[in-house]
Amino acid sequence: FISGYAVVAGAAERLVLGYDSFGNICGRKNTPVEGANLSGLDMTNKKYVFFLNSCGLEIQSLKISSLSLCVSSCPQEQLNSLEDLQSFARNNGSFLCVYNLNVSNYTLNQKAAQLCPTLPVPPSKSFPLFNRCVPQNPECYSKYASVLINMVNEMDVFHRILSGILAGRDTVIGLSVLALAFSLILVLAFRFIQTLLVHTLIALVVFGLLFISGVLWWLHYDYRNDPSTELETEKENVKFLLGYAIFSTIVTVVLLFLIFVLRKRLPFAVQLFRLVGKIIGRIPFLLFQPLWTFLILIVFWIFWVAVLLSLGTAGTAQSTSGGQVEYRALSGICYMAWYHFVGLIWTSEFILACQQMVIAGAVVTCYFNRNKNNPPPHPVLSSISVLFCYHLGTAVKGSFLITILRIPRIVLLYLYNILNRKKNAKCLLSCCFCWVCCQESCLRHFNQHAYTTTAINGTNFCTSAKDAVSILARNSTKLASISCFGDFLLFLGKVFVVCFTVFGGLMAFNYHRELQAWVVPLLLVGFFAYLMSHSFLSVFEVTADAMFLCFAIDMETNDGTAEKPYFVDQELLTFVSQSNKLTEGQNHRSTRPFQDNEDGTELQPMV
């Protein structure tokens, strides 16, 4: 409903392309507005907004007093008379008088003084963001810039952010492609993992974190001490950059500490990824799942951004005296935008959850197959079929839990930004934010195990989650130490993609500072980069988690005898034994089957 309403009621082009006093959006064909005779004109070749009194602008309630027109080009030289205006129109095809005044009547019509620009017309050039003709005369430029600054500062944050997104849309698309390239490189690296590649990845992540933190602090210092910082968007850039710099520094310190603590687990991580690569080698189509997920996410993100921009420009065009048009924003739009943002998180997580369930189902089918040399036919297609027929509700519930934890993070970030001088409150909020992030990470792993249990037993999300908790509680000492560094190494891969994508964004956006709230588009780029890298690297993460959960179930439901042989192959069994130093206690392994669960649920391997 919101999407359809936004598309119908909104006009995102107004934010960047600009529009004239008669309701025509410059650079496109327009539809007529009732009561405005000069509306509905074809402005395809007229891309610039020109004010008839650019040296005497005044602003009242976000409205500029001067009449504005769409023109094909801005006057490069000063025009001193109506004859000059007429000559400029004939030579350049750019008409600076009101549309219904014929160029041949510029010097003959008695009302030309009211229908044409105030003379003399100063030389001007187009402004890069809002496509306005900005006067180059120092006195006029000072007055023009002052009015434009006041107008932008009076805009609400929501519309300033939308302007920044639209202005930097090409950069955002380019950075998303860059994140895709980095993700593909990491997938290939983890597929053919070697010790040297692991060391190289860790070195790049450390370098990236230190470098990004340094660049953020430098940009914050540069913006804060820039005497030309007058726009509200530029002041918001300074605040956001400070928050980014602090967050990046904290993440850098924590990750460096974890890298130092877990450095001795590196050989086990390499061996773990070799085992995961062996399973993926049996199901090679698993590597193609991120591509489909990525395409679906891209389509959804494009749709989401289009709806967001339409929401930001939703309003009604109303004619006023003199045949002019003004746009009046509809009430309640900001609340709809927040609802739309929650939809971004939930839908993105749902798409990723579907991918995780497909991977988990394929791994379960492959694991619980007696003949390892002859894997089941089409395990991926079979898993997709089971997902769409029976378990979409499981993916919805799991992604909803992630969304619930994401919302407090957004609220905490908002409170952190509005508490400018309360250091104690900011410290408390930072601690709460870190706690919420840890809870979200734990919940992601919990959901993955619940998805695997669903693939094994075919139960709903709540029952599968309860069974997964029971399995993990009995085997936490065996499995936690094995997957810990593997998950951490994959997380470093995601950090690598986000770091270098954000660095590219910092360099790109920093060259376009004019009236752009570019730090928020940069945050969106970082969010998209993380989701993209998570989509690709989750193949290894979900495969490893599903493999070890299947292993735990295999050890509890079978005892290795001829009647109940293990499904696990010797290489995985040896790896687990060595990693947890369980070789001596292998004969005393508990064989209590899952049939004894308190809820009576029987977990049976898929054959």
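Helices (H or I, at least four residues) and strands (E, at least two) are taken here as DSSP runs, numbered from the N terminus. The model is a predicted one, so to speak of local features a pLDDT of at least 70 is needed, side-chain atom pairs count only at pLDDT 80 or more, and totals for chains, interfaces and linings use all residues. His 378 sits in the loop between H12 and helix H13 (379–390). His 378 has a positive phi of about 50 degrees, although it is not a glycine. At 59% relative accessibility, His 378 counts as exposed; the cut-offs are over 50% relative accessible area for exposed, under 20% for buried and partly exposed in between, with a 1.4 Å probe and protein chains only. Another loop, the one between helix H4 (112–115) and strand E5 (124–126), holds Pro 120. The peptide bond running from Leu 119 to Pro 120 is cis, with omega near -5 degrees.

Zooming out, the protein chain has 18 helices and eight strands. Of its 607 residues, 50% are buried.

The UniProt record, an unreviewed entry, lists "transmembrane region" for several spans, including residues 200–221 and 283–307. UniProt positions are given in the numbering used here, feature names are shortened, and annotations may be inferred rather than shown by experiment. In the model, residues 200–221 are 100% helix and 0% strand, with the end C-alpha atoms 32 Å apart. Residues 283–307 come out as 76% helix and 0% strand, and their end C-alpha atoms lie 38 Å apart.

Inside the protein there are four cavities of 30 Å³ or more. A cavity is a set of points, on a 1 Å grid over the protein atoms alone, where a 1.4 Å probe fits but cannot get out, and lining residues have an atom within 4 Å of a point. Grid points are joined across faces, edges and corners, and a volume is the space filled by probe spheres set on the points. The largest cavity has about 110 Å³ of space. Twelve residues line the largest cavity, and the closest to its centre are Ile 279, Arg 282, Tyr 367, Asp 569 and Leu 572. Helix H10 (266–282) and helix H12 (333–367) each supply at least two lining residues, and H10 gives the most, with four. By class, the lining of the largest cavity has eight nonpolar, no polar and four charged residues. Here Ala, Val, Leu, Ile, Met, Phe, Trp, Tyr, Cys and Pro count as nonpolar, Asp, Glu, Lys and Arg as charged, and the others, Gly among them, as polar.

The second largest cavity has a volume of about 60 Å³. Its lining includes Glu 349, Gln 356, Ser 399, Arg 444 and Tyr 451, and divides into three nonpolar, four polar and two charged residues. H12, helix H14 (392–418) and helix H15 (423–457) each supply at least two of the lining residues. Helix H15 also carries Thr 454, which is buried, with a relative accessible area of 0%. Leaving aside neighbours within four places in sequence, Thr 454 is in contact with Met 357, His 391, Thr 394, Thr 459, Asn 460 and Ser 464.

Conventions: Residues are numbered from 1 along each chain as its sequence is written. Side-chain values use heavy atoms; hydrogens and water are left out. On a 1 Å grid over the protein atoms alone, a cavity is a set of points where a 1.4 Å probe fits but cannot get out, and a pocket is an open set with protein on both sides within 12 Å along at least five of seven lines; lining residues have an atom within 4 Å of a point. Contact means heavy atoms within 4.5 Å.
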